[in-house]
Amino acid sequence: MREYKGIPILRNSRRKTIGIYLSGSGNFEIRCPVICSDQDIMRFVDSQTGWIERHRQKQVPSSEMLSFEDLKRLGDASLLEIAPRVKYFAELMQVRVRKVTFKVMKSRWGSCSSNGNISLNVLLMLTPEKIRDAIVVHELCHRIHMNHSRDFYLLWEKYFPEYRECEQWLHSHGREILSRVYE
Ligand SMILES: [Zn+2]
């Protein structure tokens with residue numbers, strides 16, 4: 001294994017423990033002893049996702065145009081942070097999801113097709129956790145109602161009672177975030 005979750009693994013004969021570091025160029029690297037099992041590395045990195053996430057978010061400057069690198073970082077962060085939420089809520093709501101795709105979208109936060117493929121905007125990583133959950137639940141509700149009917153909103157509210165607040169937040173801040181990517 002040469003990298004894990006997109007982070008390169010550097011083995012060094014003088015090292016006794018596994019560590020994760022931010023290099024001078026602002027990229028993460030995993031440093032570990034020469035003899036170190038993939039499982040140990042994975043377990044260690046998985047235990048550090050909170051730390052990685054905090055540093056990833058810090059690296060993205062606010063309200064400036066996002067570079068390709070920034071977007072890639074947000075994509076990686078989405079896999080770590082949002083994908084487990086889709087799984088969690090899908091189980092809670094007992095809906096089946098076929099495939100979840102994270103992409104950069106200019107005008108929407110997510111979508112759900114009738115055959116159960118969900119797309120989520122990686123820019124959600126620039127919104128608070130609550131907003132990400134609200135969108136995840138919104139898209140999952142489309143597995144039951146493929147519209148924005150009253151029943152849809154009742155279902156959304158059932159699984160995410162604060163959805164109105166979140167809609168309001170996106171109404172005030174969403175456009176600014178979406179405008180940080182080039183057409
Ligand atoms: Zn919708």
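Predicted model: local features only at pLDDT ≥ 70, side-chain atom pairs only at ≥ 80, totals over all residues.
How many salt bridges does a search of the whole structure find? The search finds 10, a salt bridge being a side-chain nitrogen of Lys or Arg within 4 Å of a carboxyl oxygen of Asp or Glu.

Residues are numbered from 1 along each chain as its sequence is written, and side-chain values use heavy atoms, with hydrogens and water left out.

Among the salt bridges is that of aspartate 46 with lysine 5, at 2.7 Å from N to O. Aspartate 46 belongs to helix α1 (residues 38-47) and lysine 5 to the loop between β1 and β2, so the pair ties together parts 41 residues apart in sequence. Helices (H or I, at least four residues) and strands (E, at least two) are DSSP runs, numbered from the N terminus.

I turn now to the sheet. Four strands form an open sheet in the order β1-β2-β4-β3, with mixed pairing; two strands pair if DSSP finds at least two bridges between them. Strands β1 (3-4) and β3 (19-22) stand at the edges, each with a single partner strand, so one side of each has no neighbour in the sheet.

Finally, the zinc ion. Its protein donors are His138 (NE2), His142 (NE2) and His148 (NE2), 2.0 to 2.1 Å away. Donors are N, O and S atoms within 2.8 Å of the metal (3.2 Å for Na, K and Ca); water is not among the atoms, so sites may look incomplete. The donor residues follow the spacing H-x3-H-x5-H in sequence.
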